[in-house]
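Please look over the structure shown below with an eye to its charged side chains, its aromatic rings and its strand pairing. The report that follows takes up these topics in turn.

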Amino acid sequence: MTLRPFLPTLCALAALTAACDGDRSVRITSTRNESDAKGVLKVVDTLQCPQTMGSLTRKGSAQDGGKVCTYVGRKGTEVSLHLVALDGDAPADVLKAFETRLSASLPAAVAQLRASADADKARMAADDARAAAADAEASAADAAAASADAAAARADASADRASVHAPGVAIEAEGDDASVRLPGMRIETKGDQASVRIGGFHIDANDSDGSARVRASSGGGDSVSVNAQNDAAEIRTSAGGEATRTSWILSDNRETESGWRMVGFEARGPVGGPLVIATIRSKDSNRGRAFEDAKDLVTLNVGE
């Protein structure tokens, strides 16, 4: 069993933070939940828009009564800072409208990820059903083994097949396919497909179509999801608590008609709003300094 067939998939994820021919590490971070936050998010009625913020330079003055500011960065990056009242709308609905507008810049990436996600939903549902049945069988086998001899374990030492069972442990391997079940952990590999479940952390990868799904959640409500296929990738993060702390990024490593290669937003706001939202459009598919500078603009206005 080897990870080598899945390196292209991991590189698709790493493209958002580092080039695959250089730093091969993949770093996924999530925003803090309410209890870990540095302070309560502020209610503001007009934006603070400094002339510069890191690599960003403001274009003109604030617009719409101090509710919109526009910045430019390196390589044609565009950042817009918005102050948006909820007016009774759910934050998710307000952010969905921003996501829809930004996604229009990368239609091929949207279409590719949507088709892949639909196919994966059906496959994952079937895999989960099979896994649940296998878990039940493993539990029954463990109970039988424990009643006979709690310390017993057996192994099939044939060249292409191995089987190990002990209380709480079930391992089956045949050729390049393997199934490993430990308390709180499940790993399955079958051909080009791999599935990893560790607590609230899930990975599903399929090397045949270059797709990968990563989902992670914490007891505090923080969540991170990654949806990647070949040259397209989408990342979402959301912090727990009633306040809004969320980000979204969509990237496409291919040349696009619009010239944009990555779009996204960083949004924060107290319960009831308003939201401070920084939208980003970049012609560089690697996440650059402009994204961090856009976050700093949000922090300056509403807090962390």
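## Salt bridges and their surroundings

Asp 296 has a relative accessible area of 32% and is therefore partly exposed, a class that lies between buried (under 20% relative accessible area) and exposed (over 50%), as calculated with a 1.4 Å probe on protein chains only. Its salt-bridge partner is Arg 289, with the closest N and O atoms 3.4 Å apart, and Arg 289 is likewise partly exposed at 44%. A salt bridge here means a side-chain nitrogen of Lys or Arg within 4 Å of a carboxyl oxygen of Asp or Glu.

This is a predicted model, in which local features need pLDDT of at least 70 and side-chain atom pairs count only at pLDDT 80 or more, whereas totals for chains, interfaces and linings use all residues. Residues are numbered from 1 along each chain as its sequence is written, and side-chain values use heavy atoms, with hydrogens and water left out.

| Pair | N to O distance | Relative accessible area |
|---|---|---|
| Arg 161 and Glu 172 | 3.6 Å | Arg 161 36%, Glu 172 25% |
| Arg 268 and Glu 266 | 3.2 Å | Arg 268 7%, Glu 266 3% |
| Asp 296 and Arg 289 | 3.4 Å | Asp 296 32%, Arg 289 44% |

Arg 161, by contrast, counts as partly exposed, and so does Glu 172.

## Aromatic rings and charges over them

A search of the whole structure finds 1 aromatic pair. That pair is formed by Trp 248 and Phe 265, whose ring centres are 5.7 Å apart and whose planes make an angle of 35°, a tilted arrangement. Rings of Phe, Tyr and Trp (its six-membered ring) pair if their centres lie within 6.5 Å, and planes under 30 degrees apart count as stacked, over 60 as edge-to-face and the rest as tilted. Trp 248 is buried at 1% relative accessibility, and Phe 265 is buried at 4%.

Two further contacts bring a charged side chain over a ring: Arg 101 lies over the face of Phe 98, at 4.6 Å from the ring centre, and the charged end of Lys 283 sits over the ring of Trp 260, 5.4 Å from its centre. The criterion is that NZ of Lys or CZ of Arg is within 6 Å of the ring centre and within 35 degrees of the ring normal.

## Strand pairing

Strands are DSSP runs (E, at least two residues) numbered from the N terminus, and two of them pair if DSSP finds at least two bridges between them. Strand S8 (residues 177–182) pairs in the antiparallel sense with strand S9 (residues 185–190) over 5 bridges, and Arg 181 has Arg 186 in S9 as its bridge partner. S8 and S9 form a hairpin with 2 residues between them, and Gly 184 in the turn has a positive phi of about 80°.

S9 is in turn joined to strand S10 (residues 193–198) by 6 bridges, the two running antiparallel, and Arg 186 has Arg 197 in S10 as its bridge partner. The hairpin of S9 and S10 has 2 residues between the strands, with Gly 191 taking a positive phi near 60°.

Definitions and conventions. Helices (H or I, at least four residues) and strands (E, at least two) are DSSP runs, numbered from the N terminus.
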